Amino acid sequence: MMMNHSLKSQCKVNPGTVIEGKWHRNRYTIIKELGYGANGIVYLAKNQNQQVALKMSDNGMSITSEVNVLKSFAKVQGSALGPSLLDVDDWDRRSGKVSFYVMEYIQGPDLLTFVQQKGQAWTGVLIVQMLKDLDSLHKAGWVFGDLKPDNLIVTGPPPKIRTIDVGGTTIQGRAIKEFTEFYDRGYWGLGTRKADPAYDLFAAAMILINTAYPKRFSKTTGDLKQLKMMVRQKKELMKYEDVILNALQGQYSSADEMRNDMLQLTRSNPAQRSTVNRNAGPAASSQAASRQMYRQKKQKGSFFETLLITFIVTLLYFLYIYGQLL
Amino acid sequence: MKTGTLKQILLITDGCSNQGEDPIAMAALAKEQGITVNVIGVMEQDVIDEQGLNEIEGIAMSGGGVSQVVYSQQLSQTVQMVTRKAMTQTLQGVVNKELQQILGGSKTMEDLPPDQRGEVMEVVDELGETVELEVLVLVDTSASMKHKLPTVKEALLDLSLSLNARSGDNRFSVFVFPGKKKDVEKLLDWTPNLESLTSIFSKLTTGGITPTGPAIHEALTHFKKKRSLRSLLSRDDESFFEESV
């Protein structure tokens, strides 16, 4: 991790410390540290026998920003987009003021740990679950941003995937607030860092790849070719090859679309994991083929479109320069 | 709320200056002119000594910016994080100023109850997305930086990728120090993206002294020069950032 000395010293508290909010006067007893990131530390804490997660940071702005996201999630009905928000407050310490917020404690192993314990068969199921949540998040106008296995917790039983840490969650159309290189479209040279649904779906595909390469891998050529090669080297990934490649290239416009393709694949692939892909069933392959054809047609059209737009923009630019010089 | 253009100097170095004016004083001068100075200290296996560390923190502090020391592998992510953090900090300063005018006294965002703070934060977020940004990158090319330069280049390309995802305009320029003849040398003039950097960067030679102070000083005049040139071209550019700060 980065060496942020100030962060560690300001928000580091020992188990047993009682934190009392300045505004709402709620008291929380720290039990242990759950994790830390660039923007603060998350603790497990207790408030009147209820276990909660408490995030604090000496950067009050990032706390406020995350609280705004969680609040707007709460307005989306009947969904479990992020952890639910319980309290927001400031804690006066001798060394200064620390902002914190309290949320529901989501308990369980992270995605990679869970898949390692329970087997690869869970990967598809959990990703499909996640895509459903992503779809409602996107429909509400957000993009999750920093989507990665560390931020995906499997609770249960019955196993259910939940997202935590909304530090990267961004309004659609804006620049992604926070990301992790391996799961970032821009890092692999496959798109911008503007928040759109396809940004999250790229990360979802990288998470799938990550389940077969738990230690990740480093960028060599750093393009689609490298990622394709990595997918083809793993049997368990070949099963999802079409979906992964579509998502990596931004071919899905919604999480639902990707989810449906995932479901198609899992449905037409009953239990015989040794003969993958080719036996993927007529439904899946024909669907994939038609998708590809459609795409080719679209690409041709978009080429002329690009040319036309470039031409118009150049023309306008010259007019502008001309106007400036006069 | 008019914020004008945010101006930042991003200094990438791996140690202590050893020539010319005190860089901390030059950073203070920059702040007076409404320019924020951010510093990133790059380490390899070696560790930056105490003196270097103090200087890095000192420059950022007196330049009203953010500093961070990292291993070169983490440079890309740090560069964009530091730049954004400094942007938010500056914008927050602008918003606080407005708040003080409305609420009176020395109230800042941090003094508001959490609910209201959230609403103000939305304004800061919105500004961060749309404000115009000028970043002048100052790269230390003294001998010890030699094998870190490819990583620096990657990090700068990555920075332009991140910032160009915003809807506000960006302009970047890149300077290196020491230059071939002078203390500082211009590598790339103001441009909206840094892609042209790839070819220039590979030809860079390293070596010599580390005139950090003079480099910051020279960088300041570059902001100025550009301003007068632009005001020649168009008269509508009066609202500069110092007004609101």
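Chain A of this predicted model is divided into two domains: domain 1 covers 5-104 and domain 2 covers 111-280. Their C-alpha centres lie 29 Å apart. Twelve residues from domain 1 of chain A and eleven residues from domain 2 of chain A make up the contact. On the domain 1 side, helix α2 (residues 60-75) of chain A gives the most, with four residues. By residue type, the side of domain 1 of chain A that touches domain 2 of chain A holds six nonpolar, five polar and one charged.

How far can chain A be trusted? Its average pLDDT is 84, and 86% of the residues score at least 70. Among the elements of chain A, the highest mean pLDDT, 95, belongs to helix α5 (residues 197-212). The lowest, 52, belongs to helix α1 (residues 5-11) of chain A. Two stretches call for care. Residues 1-8 of chain A have a pLDDT below 50, and this stretch has nine contacts in the model beyond near neighbours in sequence. Residues 271-291 of chain A also have a pLDDT below 50, with 18 contacts in the model beyond near neighbours in sequence. Where pLDDT is low, the predicted coordinates should not be read in detail.

Now look at the backbone of chain A. Which residues does the loop between β8 and β9 of chain A hold? Pro158(A) is placed there, and Pro157(A) is in that loop, between β8 (152-155) and β9 (160-163) of chain A. A cis peptide bond joins Gly156(A) to Pro157(A), with omega about 0 degrees. Another cis peptide bond joins Pro157(A) to Pro158(A), where omega is about -5 degrees.

Positive phi values come next. Arg25(A) is a residue other than glycine, yet its phi is positive, near 60 degrees. Its place is the loop between β1 (18-20) and β2 (27-37) of chain A. Is Arg25(A) buried or exposed? Arg25(A) counts as exposed because it has 8 C-beta neighbours inside 10 Å, and the cut-off for exposed is 12 or fewer. Gln48(A) is not a glycine either, and its phi is positive at about 50 degrees. Gln48(A) sits in the loop between β3 (40-47) and β4 (50-57) of chain A. With 9 other C-beta atoms within 10 Å, Gln48(A) is exposed.

Turn to the contact between the chains. Chain B supplies 25 residues and chain A supplies 22 residues. On the side of chain B that touches chain A, the elements giving two or more residues are β3 (67-71), α3 (75-103), α4 (114-130) and α5 (149-163) of chain B. Which of them gives the largest share? It is α4(B), with seven residues. This side of chain B divides into nine nonpolar, ten polar and six charged residues.

Helix α5(B) has 15 residues. From its first C-alpha to its last it reaches 21 Å, close to the 21 Å expected at 1.5 Å a residue. Its buried residues include the leucines Leu149(B), Leu156(B), Leu159(B), Leu161(B) and Leu163(B). Val152(B) and Ala155(B) are also buried, and so are Lys153(B), Asp158(B) and Ser162(B). What covers the buried residues of α5(B)? The cover includes the strands β1 (5-13), β4 (132-140) and β5 (170-177) of chain B. It also includes the helices α3 and α6 (197-202) of chain B.

Conventions. Residues are numbered from 1 along each chain as its sequence is written. Chains are lettered from A and ligands numbered from 1 in the order in which they are written. This is a predicted model: local features need pLDDT of at least 70, side-chain atom pairs count only at pLDDT 80 or more; totals for chains, interfaces and linings use all residues. Two residues are in contact if their C-beta atoms, placed from the backbone, lie within 7 Å. Ala, Val, Leu, Ile, Met, Phe, Trp, Tyr, Cys and Pro count as nonpolar, Asp, Glu, Lys and Arg as charged, and the others, Gly among them, as polar. Domain bounds come from an automatic or database domain assignment. The expected span of a helix is 1.5 Å times one less than its number of residues. A residue is buried if 20 or more other C-beta atoms lie within 10 Å of its own, exposed if 12 or fewer, and partly exposed in between; C-beta atoms are placed from the backbone. pLDDT is the predictor's confidence in each residue, from 0 to 100.
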